[in-house]
Amino acid sequence: MSPIESVPVAVLNRIDDYVELLYDDIPEKIKGSALILQLARNPDNLIELARNEALLSALSRVLREEWKRSIELSTNIVYTFFCFSTYIEFHSVIIQYKIGSLCMDVIDYELKRYDQWKEKVEGKKQVLTPDKNELPKSRIPEPKRRPKSGTWAVTDVNIQKTRSIVSSYHEDLCHASDEFLSKSDEEQLKRKLKTLSKRQEQLLRVAFYMLLNIADNVKVEEKMHKKDIVGLLIGAMERHSNIDLLILIVSFLQKLSIFVENKNAMASKGIIEKLAPLLDSPNADLVNVTLKLLFNLTFDTKLRNKMIKINLLPKFIQFTSDDKHINLAMKILYHLSMDDRVKQMFTQSDCVKLLTDMLLLNVNSEARCESGPGTTDVLLALCVNLSWSERAAQQMSAEGRLRELLARAFRHRNAVLMKLVRNLSHHRQNKALFVEFVGDIAGAVTSDEASEEFVIECMGTLSNILNLNNNIDIYAVVERYNLIPCILKILDPVNQRDPELVLEAVVAAGAMGAEERAAAALVTAGGGEALVAALRQRQADDDHVLQTVFAFRQLLSHPRAAQYLVSSTEAPAYLIDLMQDKNVEIRKMCDSCLDIISQMQNEWAARIKLERFRCHNGQWLSVVETLGAEGGAGDASDDLPPYLSAEYLTTHRLTTSDSQISLNDDSDSFSGEADFNRANSRNTQDGQSDELLGLSDSLSGKTSEDDTQFTKKLKVFA
């Protein structure tokens, strides 16, 4: 802000005279506040001014009482306190006089007044009249003024004349009537609105800047949130003509967006739609700060979806070619790529190919941002996310890009780049492209030179290639590169390898088990025992357990390997124990393995049948055992298995209702009725339907000798 031309140069020694001017009429107050502002803009004077309580009290009082009468006066005073806010040592001065709260009131009033001016000029409706409860301006008593003599008195001299001199600069707009407005008058009002809005924007800018400075205090920021600082900032964003004000507002919103309460407030007020036009601004600073705010907002899933809905993705992709915005654009795209639906949208243009080429040019670059990962790191992470999309993976691998990616991954031993290659190998249409690289990848697995992270990705890639790929002789690869000893070494609990590496070794064992000769070689070398030992150590990890059971299933599909696995390892015992695992996928895989084992001629078949019976009827059997233990000795000649106690049937009353038999309400183990005929409709996990228990006939409920007769029928679970 330029100093007022008519105001002389301020001198610190005359500060008392300037304070005296604050007690006069509006013109003198404007002059006095301008002189004080000159002093405050010099940092060397701030300490002396902060000690002058009379000055601070007068400034805060005038701002509180006169801010509606003159924007120029309000701007001078707020600017003075802004000078204090630039140093954290003086924040207590602003808080003490509650200038922050007063500034928010001023901003709110000015924004509403601007809307009224705009509606008036555009002819939408009349400027709102003051509220009926508010006294008309002519009836508001004038504040007491302090004459230079030092005595207090109420003066009425030239009151009307004073009002005419200091009439508010917006009175022409407020009192204009549509009845006599000509085209020239309308144009004149528009010019006045433009001029007056510029003055108002000066006040808004200095007020927002002061609030931004004192918002370093979290408690102060919380108070601002309660007074809807977010709503004020978003309301002022419509001033697209003032770039400096927009940069300040967006910067303030970026700071506030760190807290979830402010972020939610922004979302409720349509912040994404407000920010979208700013991305088209020719001002690079405004675009940059807008991208920073959008990056903070991308941590919210709903706001990410909003960005996609209003078609901001192409704009973000466009910014990747701009050196000034590429880092922020990559971070935003990385967050957007976490949604599967958005991954497909990247493939609708040449974006994926361009990103891959950009990665090949900059991989392993040493460039880093001042804080956080470098652009290349973010670009690599973005490509890893996109590689999960089948169509994106196909575009990344085409035109020789896969060969270049593998070459750079092995040259720099970059684990993250190898993870990208591993994701590409996950898709069936790409597996044929990896055939020529099997030797390089298998050699990296057995090499001791690479880091453990790199070996993990190579082993995962090798497993993907070997799995369901008819173009590769798995046994030849295993023998040539001596993979079995390497896997057994990793699975050995004594070596205490990384759990993720152990998991990948189990997956590789499952991939080898798909081929008969490789499966036989694996179990002969002790692969079954190694898998069981690793399972014993990692039985709390569902991923490890599921992959181990799958490896067992692969080995059991070959007679020779299956015979060795069943007869020489503890795998069947662990599979039986896992029948009741909480994980549904593990239970399904165990059932598939046990089906194969139960069809083999060995002692495990009978045990599997018995354990399945117990598993299927475990709840009913537990009740029977409990009640049988409490019922006494019973009939010793009963031939029922120990799971079905004869004492249970003879010591509990049964009542008849047509063809259904239910437990009596007086039973000490059940309450209500239990329909035993439902047992006839139970299904096994193998798809077989067997009756567990059927009871025919009934007891009459009378205490007679015939009441003890009943028929027991038991069909054992097959």
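Tutor: A salt bridge is a side-chain nitrogen of Lys or Arg within 4 Å of a carboxyl oxygen of Asp or Glu. In this predicted model, Lys-263 and Asp-300 meet that definition, with N and O 2.7 Å apart.

Student: Where in the chain do Lys-263 and Asp-300 lie?

Tutor: Lys-263 is in helix α14 (residues 260–268), and Asp-300 is in the loop between α16 (284–297) and α17 (301–309). The two residues are 37 residues apart, and the pair links distant parts of the chain.

Student: Are Lys-263 and Asp-300 buried or exposed?

Tutor: Both Lys-263 and Asp-300 are buried.

Student: How many salt bridges does the structure hold?

Tutor: The structure holds 28 salt bridges. One of them joins Glu-66 to Lys-29, with 3.1 Å between the closest N and O atoms. Glu-66 belongs to helix α4 (residues 53–66) and Lys-29 to helix α2 (residues 26–40), so this pair ties together parts that are 37 residues apart in sequence.

Student: Why does Lys-29 count as buried?

Tutor: Buried means under 20% relative accessible area. Lys-29 counts as buried because its relative accessibility is 5%. Glu-66 is buried too, with a relative accessible area of 3%.

Student: What is the burial of Arg-401 and of Asp-357?

Tutor: Arg-401 has a relative accessible area of 7% and is buried, whereas Asp-357, at 31% relative accessibility, counts as partly exposed. Arg-401 and Asp-357 form a salt bridge, their closest N and O atoms being 3.0 Å apart. Arg-401 lies in helix α24 (residues 401–412) and Asp-357 in helix α21 (residues 351–362), 44 residues apart.

Student: Which residues are linked in a network of salt bridges?

Tutor: Lys-353, Asp-357, Glu-399 and Arg-401 are linked in such a network.

Student: Turning to helices, how are two packed helices described?

Tutor: The description uses the angle between their axes and the distance between the axes. Here, the axes of helix α7 (residues 99–121) and helix α12 (residues 229–236) come within 10 Å and cross at roughly 40 degrees. That angle makes α7 oblique to α12.

Student: Is the crossing of α7 and α12 left-handed or right-handed?

Tutor: The crossing of α7 and α12 is left-handed.

Student: Which residues of α7 and α12 meet?

Tutor: From α7, Met-104, Ile-107, Asp-108 and Leu-111 meet Ile-229, Leu-232, Gly-235 and Ala-236 from α12. By class, the residues of this contact divide into 6 nonpolar, 1 polar and 1 charged.

Notes. Residues numbered from 1 in each chain as written. Predicted model: local features only at pLDDT ≥ 70, side-chain atom pairs only at ≥ 80, totals over all residues. Heavy atoms only, no water. Axes fitted to C-alpha atoms, helices over the stretch in contact; angles between N-to-C directions. Helix = DSSP H or I, 4+ residues; strand = E, 2+ residues; numbered from the N terminus. Parallel < 35°, antiparallel > 145°, perpendicular 65-115°, else oblique. Left-handed = near helix turned anticlockwise from the far one by under 90°. Contact = heavy atoms within 4.5 Å. Nonpolar A, V, L, I, M, F, W, Y, C, P; charged D, E, K, R; others polar. Buried < 20%, exposed > 50% of the residue type's maximum accessible area, 1.4 Å probe, protein only.
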